[in-house]
There are 2 protein chains.
Amino acid sequence: MSTMQEVAKKAGVSKATVSRVLSGKGYVSEATKEQVYKAIEEAGYRPNLLARNLALNKSQCIGLVVTNTLYNGSYFSEILSQAAKKLADNGRQLILVDGKHSAQEEREAIQFLLDLRCDAVIIYPRFLTVDEMDEIIEQHKQPIMVVNRKLRKHQSHCIFCDHKGSGFLATKYLIERGHRAIAFITGSMDSPTAIERLSGYKEALNQYDIGVNDNLIAHGKWSPASGVAAVESLLAHREKFSAVVASNDEMAIGVMKKLNDLGISVPDEISIIGFDNIPTAPYLSPALSSVKDPVSEMISQVISRLIAMLDGGYLSKENIFISDLQVRNSVADGPFTAK
Amino acid sequence: MSTMQEVAKKAGVSKATVSRVLSGKGYVSEATKEQVYKAIEEAGYRPNLLARNLALNKSQCIGLVVTNTLYNGSYFSEILSQAAKKLADNGRQLILVDGKHSAQEEREAIQFLLDLRCDAVIIYPRFLTVDEMDEIIEQHKQPIMVVNRKLRKHQSHCIFCDHKGSGFLATKYLIERGHRAIAFITGSMDSPTAIERLSGYKEALNQYDIGVNDNLIAHGKWSPASGVAAVESLLAHREKFSAVVASNDEMAIGVMKKLNDLGISVPDEISIIGFDNIPTAPYLSPALSSVKDPVSEMISQVISRLIAMLDGGYLSKENIFISDLQVRNSVADGPFTAK
DNA sequence: TTGTACGCGTTATCAC
DNA sequence: GTGATAACGCGTACAA
C-alpha cells in the first residue's frame, strides 16, 4: 500500500499539498492538481482511513449492539436492513456487535464500539436495565441511543413504542368481535416488551369487565415451537377459548400449526392474532392477523435524530414515542367474529 | 477521553510502561503494575483502538458486502446472524456495507472496507462478475472471500453450492412422485442462482424424457408478490400442471396463497416445492416443501477458512463446494403424489 | 499557492 | 525493569 508521502514524492510536492488536493480544502493550482492526480493514479494510492480517523478523531462509523437472542428471523433482519440503509444514505457505515446474552456482555459491546471511536452507538437492549443505560450514557461523550426502551433521565437518547397499547388493541379487537374467552401467550417474561403486551391484554379484559383467567395465560419464548407448546399447555387446562393473542407472529404461526394439526379450524373455531408483521405473513393464512411492531420506524427515527445531532450538534430534547398502532388484516373482519 | 500519556503521568511512569502493562508483554515489576492499574482506574482510561490499529496495521474487523436487493427476509438475516456470531466467536467484529444495486457500488463497498484496513472482506455478490472479482482479488493484499460464486482463478477464495443440482433434485422429487406437468417459476434472471436452478429443472425433465414446455415457465423476482403474478401468468396459458417448482420459498408462499384464493387445493390438486427454508416454513403449510439453500454453511465455512488464514497465514487451496442437498418435508410424502 | 512541523494515541526498538 | 524515541499515515496551523 502506497502512502501519501510516496504520492507526494512522485508528484514532486509535499504531502500537505496532496492532502489539500484530496480534501478539496485550501488553494491548489490546476497544474499541481494534475500532477498529484497523475501520481495518485500511478501509485494506486488509497487513503488509510484508520490514520485519517485518528487525526480527525471521528470515524464515520456507527455501532449497533443487538443481543444474540434476537439473531434470527425477520425481526432482526428488519432492524439491520433499516439501520444499514439509513446510515448508508447518510454516508456512514454500520458496525454490528453481538450483545451476546447478558448485561455484562452488552456493556462490553458498547465499550468496544466506543473504544473503536465510533461516532455513536445504537443499542437494542435486552438485559441492561433502564437505569444502567442512563448511567452509561452519562459516562460517555459520544451519543448512545437506546431503541425500544423508555429511559428515565435521558429521554432524548431513546425511542420506544406503546407495547402495552398494542396488547390492549389486539385484545380489544377480539372483544369487539364478540370473543370473551381469549387466551394469551406471552413472550419471554424477562423482556419488557413481553410484560407490557401482557399488561395491555389484562387491561383490555378489565375494561370490558371480563375477568382475567390465569388458566388462559401461557408462557412462550418467542419461537414458533414455544407457540406450539403454549397451545398444549392451554388445552391441558380444559378451559374453552375462542381466540388467542400470541405475543409475536412466530408464536402465532406455531399456534396456527398446532391447532390445524389438532383438526381445530382456524379462524372459524379459534381466531389468532399476533404482533410484529413478518413480511410473508400477509400471504400465509387468512387466519392470522397482527398488530404491527414499528421497529423499522424506531430505527429510522433514532438514526435521523442521531445524524441531525452529529451533523448539527443539536440533540432534540423531545420525547420520541411511537403510538401509531394498527392491526393488519389478512382478510376482511368476518373470520374473526366469534360464533 | 484520557490517553495513555496521562495515565503514565498519573502513575509516575512512562507510557512505554503503561503499554507493557496493558499488553502483558515485557517485564514490569508488580509494584509499578499496581501503580499503573490504579492510575488507569482513576483516569477512567480506555485504549484508542484507532491508534492501536494504525500502529499494528490491522483492525480485528472483517467487512461484509451484501447487496441492497437482499436486504429483506430471512435469507439476509441468516447470512448476517451466522457471520456475526461466527466472527464474534473468533474475537472479530463485523462491518456491514451496503453493496447497493450495481457492480460499481459493490466495487466501492469493497474498496471502502479495504481503506478502513479491515483484515479481510467477504462479499455476497450480486452484480460483479466472476472475472471482475478474480481481478479485484489479485489487486489486493488483504484476503477477499466470495460467497455463492465459483471463481475462475482464485478458487480458494470462494465458496459455492450446487444450485443446478438443487433445481434438479426438486424437479426429480416431483417426477418420481408421478408428476409430469411441472411448472417452474424463476427468480430474477440476472442472478446466477436463478439461472442455475432453472437449468437443473430442465435437465431433470430431459433426463426423464419430459419435454420442456415454455408455457410452464414463468419469471418471478424472488418476492411473494411476484410468485402470485407468476401463477397468474401460468394460468393465462390455460396449460394444465399438477406441480410447481418455485425458485425460492417466498415465491412459493405467494404461489400457495394465490392457489388457495382461487379455490385450488394445495397440495391435492397442485403440489408446490420451493428453495431456501425460511425458519417458520415448517410451521406454515403441509403443502410446501423446500430444498435447503446452505447459506449458513457457506458463511460458516468461508469464515473458518478466513480465520485459519489470518491466524495461521495459510489459505487452503482446496475447492469448497457444498453439494449436500436435501429436501425438507413438512409432511410425509403422501400429499405430494400426483393423482 | 506551497512547504514545514507538529499532533492524533498507540506499539515497538532500542539503550540505560 | 524502565524510559526515550521512532514509527504508523494523515490533517492542519503557521510560515514562507
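The following questions and answers concern a predicted model.

User: How many aromatic pairs does a search of the whole structure find over all chains?
Analyst: A pair of aromatic rings is described by the distance of the centres and the angle of the planes. Applied to the whole structure, the search covers all chains, and the number of aromatic pairs found is 6.

User: Which kind of aromatic pair do A:Tyr75 and A:Tyr124 form?
Analyst: The ring centres of A:Tyr75 and A:Tyr124 are 6.1 Å apart, and centres within 6.5 Å count as a pair. The angle between the planes is 85°. Because planes over 60 degrees apart fall in that class, the pair of A:Tyr75 and A:Tyr124 is edge-to-face.

User: How many residues apart in sequence are the parts that the pair of A:Tyr75 and A:Tyr124 ties together?
Analyst: A:Tyr75 belongs to helix α5 (residues 73–89) of chain A, whereas A:Tyr124 belongs to strand β3 (residues 120–124) of chain A. The pair therefore ties together parts whose separation in sequence is 49 residues.

User: Is B:Tyr124 buried or exposed?
Analyst: In chain B, B:Tyr75 and B:Tyr124 form an edge-to-face pair, with 6.1 Å centre to centre and 85° between the planes. B:Tyr75 has a relative accessible area of 13% and is buried. For B:Tyr124 the relative accessibility is 7%. Because the cut-off for this class is under 20%, B:Tyr124 counts as buried.

User: Which residue has its charged end over the ring of B:Tyr173?
Analyst: In chain A, A:Arg177 lies over the face of A:Tyr173, at 3.7 Å from the ring centre. In chain B, a charged end sits 3.7 Å from the centre of the B:Tyr173 ring, and it belongs to B:Arg177.

User: What is the radius of gyration of chain A, and is the chain compact or spread out?
Analyst: Chain A has 13 helices and 12 strands. For its 339 residues the globule rule gives 20 Å, and the radius of gyration is well over that value. Chain A is therefore more spread out than a compact globule, with a radius of gyration of 26 Å.

User: What percentage of the 339 residues of chain A count as buried?
Analyst: Chain A exposes about 14400 Å², of which carbon and sulfur atoms supply 49%. Counted by residue, the buried part of the 339 residues is 56%.

User: What percentage of the span of residues 2–56 of chain A is helix?
Analyst: An unreviewed UniProt entry annotates residues 2–56 of chain A as "domain: HTH lacI-type". In the model, the end C-alpha atoms of residues 2–56 lie 21 Å apart. The span is 0% strand, and its helix content is 71%.

Definitions and conventions: Residues numbered from 1 in each chain as written. Chains lettered and ligands numbered in written order. Predicted model: local features only at pLDDT ≥ 70, side-chain atom pairs only at ≥ 80, totals over all residues. Heavy atoms only, no water. Phe/Tyr/Trp six-rings, centres within 6.5 Å; stacked < 30°, edge-to-face > 60°. Helix = DSSP H or I, 4+ residues; strand = E, 2+ residues; numbered from the N terminus. Buried < 20%, exposed > 50% of the residue type's maximum accessible area, 1.4 Å probe, protein only. Lys NZ or Arg CZ within 6 Å of the ring centre and 35° of its normal. UniProt positions renumbered as here; feature names shortened; annotations may be inferred. Rg over C-alpha atoms; globule rule 2.2 N^0.38 Å. Areas by Shrake-Rupley, 256 points an atom, 1.4 Å probe, with all protein chains shown as cover.
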